[in-house]
Amino acid sequence: MKARTVLLSAAIGVLAATAGVGLGHLVAAFIAPAASPVLAVGSTVIDATPTPVKEWAVSTFGTADKPILIGTVLIGTLLLAGLGGILAARRFAVGALVLVVLVAASGAAALTRPVAGVADAVPSLVTGLVALAVLRGFTRPHRREPAASAPGVSRRTMLLGGGAVILLSALAAATGEALIRASRTLTNVALPRPADPAAPLPDGLEIEGLSPFRTPTGDFYRVDINLTVPIVDVDDWTLTVDGDVERPFTLTWDELLDMDMIERDITMTCVSNEVGGSYVGAARWLGVPLTDLLDRAGVGSRADQILSTAVDGFTISTPLNVATDGRDAMVAVAMNGEPLPRDHGFPARLITPGLYGYVGATKWLERLTLTTYAEQEAYWTARDWAVEGPIKISARIDTPRGLGEIDAGERVIAGVAWAQQRGVDEVQVRIDDGGWRPARLGPDAGVDYWRQWYLPWNATPGRHVVEARAITRDGEVQTTERTSPFPDGSSGIHSIVVRVR
Ligand SMILES: Nc1nc2c(c(=O)[nH]1)N[C@H]1C(S)=C(S)[C@@H](COP(=O)(O)O)O[C@H]1N2
Ligand SMILES: [Mo]
């Protein structure tokens with residue numbers, strides 16, 4: 001084949017795959033978003049990725065890791081489809097086989113997701129049919145040359161046809177994506193009043209660049225393994241407590257809402273948060289105390305972990321003794337006075353103060369199973385993350401920004417500090433080698449909530465190193481020793497370099 005013909009044939013393969021994937025995404029929006037071919041394959045890749053690679057991806061790309069993953073899956077697919085196009089130009093059946101194999105892989109990925117049903121194969125089927133139809137339409141059967149270079153079919157027809165296919169598939173994919181996103185915001189549930197409300201949150205400090213005392217829900221960090229968040233209809237949803245219990249039971253949404261609720265201000269943190277990082281947020285949560293649910297079931301004598309399962313099959317292990325030691329662990333249904341947004345676990349999630357999210361904050365919760373660590377493993381513990389995940393003491397400098405440039409004069413250094421369950425008693429700041437000085441603290445909203453802090457600073461021109469450390473109520477001083485986030489969270493003093501003009 002001539003180089004031009006090869007390129008053209010490859011383009012036809014890419015065209016076929018693009019059309020298939022675009023329509024598959026649209027169909028998935030109606031059936032099951034997670035079954036969209038690219039997303040199904042992406043999720044399977046996430047689960048199959050070895051832990052060190054995953055940790056590297058999270059620390060290198062942060063929250064961009066998902067778009068990058070989807071991009072990689074797409075590029076890989078299109079490259080293979082291009083190969084299919086080239087082969088099809090020689091022998092249609094061989095090229096078509098490449099597409100069929102691709103589609104079979106995506107169908108298998110969709111069907112083997114933890115809670116998939118038969119219908120999850122439909123988007124892949126549609127993708128396959130559309131891709132084959134396009135491949136057939138642009139490749140002339142029984143000819144060695146693709147249609148465009150075969151006599152009789154003008155380049156103009158080829159370009160117009162190809163352009164139309166690309167346009168239509170982009171439109172289909174975009175419509176699918178819009179539908180999936182719109183359904184994420186359909187949450188109209190009435191919330192009960194707390195039987196045990198929280199005191200009003202004190203007014204926090206308002207300093208430019210400092211995190212607000214309560215993180216607005218829309219700014220709250222999101223971390224999960226999901227490429228699309230589950231869409232749960234509360235009418236079909238139930239919460240089951242089972243395993244090593246005397247009286248296993250299942251509650252409907254209304255039954256859960258009928259139970260007494262507590263309201264608490266709790267700061268959540270992700271184990272992947274690097275020193276100074278942004279995977280931390282503070283919110284007001286409303287929920288049923290976990291111990292009320294466990295007492296109702298009557299926990300047996302063998303259990304040492306609560307294995308919680310999300311509607312998509314994701315699991316989290318929480319140490320039973322930690323969750324029931326008197327802390328305000330809860331099955332939360334609201335965040336900052338609103339139903340949980342889809343991104344944060346609608347309709348219900350676990351919140352365990354003092355534990356990193358991967359061991360205590362199951363979103364889209366549907367089952368709490370009392371079991372033992374010897375018997376059952378959860379998603380992350382099976383991937384070698386620490387079994388216990390107490391949140392480490394941290395102080396973060398929010399302003400000035402590290403590596404930033406500011407004007408000389410009266411400035412303010414400010415940030416937040418947290419040590420859930422223990423409480424922050426003091427924050428100290430060190431500028432260059434000047435010794436540790438106490439910062440001023442913002443209001444106190446309890447041991448599970450972060451503390452804002454600030455220190456006025458007369459900044460002189462030059463390069464300065466600013467550090468901050470927290471001291472807990474029980475007197476532990478945060479150490480300088482820096483550890484990586486994995487497997488049990490980063491520790492170490494946040495230190496920034498500021499240039500003063
Ligand atoms: N179902 C489900 N729940 C999950 C996760 C997940 O991947 N799936 N990730 C956990 C992790 S690692 C963290 S840090 C918190 C983050 O909660 P957020 O996204 O509401 O901030 O959710 C936890 N709950
Ligand atoms: Mo996390």
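1. Start with R349 and the ligand. In this predicted model, an N or O atom in the R349 side chain sits 2.7 Å from an oxygen atom of ligand 1. K363 does something along those lines too: an N or O atom of its side chain is 2.5 Å from an oxygen atom of ligand 1. With A361 the backbone is involved, as one of its N or O atoms lies 3.0 Å from a nitrogen atom of ligand 1.

2. Ligand 1 is surrounded by 20 residues, and the closest are Y221, I225, H344, R349 and K363. What is the shell made of, by residue class? It splits into 12 nonpolar residues, four polar and four charged.

3. The F346 to P347 peptide bond is cis, with omega near 10°, and P347 belongs to the loop that runs between strand 8 (338-339) and strand 9 (349-351). The bond from F486 to P487 is cis as well, with omega near 5°; you'll find P487 in the loop between strand 18 (462-472) and strand 19 (494-500). For context, most peptide bonds are trans.

4. Then there are a couple of positive phi values. Most residues other than glycine have a negative phi. L403, however, has phi near 65°, and its place is the loop between strand 11 (394-399) and strand 12 (405-406). Is L403 buried or exposed? Exposed, because its relative accessible area is 72% and the cut-off for that label is over 50%.

5. D432 also has a positive phi, near 50°. This residue is in the loop between strand 14 (424-431) and strand 15 (436-438). D432 counts as partly exposed, because its relative accessible area is 28%, which falls between the 20% and 50% limits.

6. Last, helix 5. Residues 92-111 make up this helix, 20 residues in total, and its first and last C-alpha atoms are 28 Å apart, close to the 28 Å expected. Which of its residues are buried? F92, G95, A96, V98, L99, V103, S106, G107, A109 and A110. When you look at that spacing, remember that an α-helix has 3.6 residues a turn, so residues three or four places apart point the same way. What covers the buried residues of helix 5 includes helix 1 (3-31), helix 2 (37-48), helix 4 (65-90) and helix 6 (122-138).

Technical notes. Residues numbered from 1 in each chain as written. Chains lettered and ligands numbered in written order. Predicted model: local features only at pLDDT ≥ 70, side-chain atom pairs only at ≥ 80, totals over all residues. Heavy atoms only, no water. Helix = DSSP H or I, 4+ residues; strand = E, 2+ residues; numbered from the N terminus. Expected span 1.5 Å × (residues − 1). Buried < 20%, exposed > 50% of the residue type's maximum accessible area, 1.4 Å probe, protein only. Contact = heavy atoms within 4.5 Å. Near = heavy atom within 4 Å. Polar contact = N/O pair within 3.5 Å; in protein donor to acceptor, adjacent residues only side chain to side chain. Nonpolar A, V, L, I, M, F, W, Y, C, P; charged D, E, K, R; others polar.
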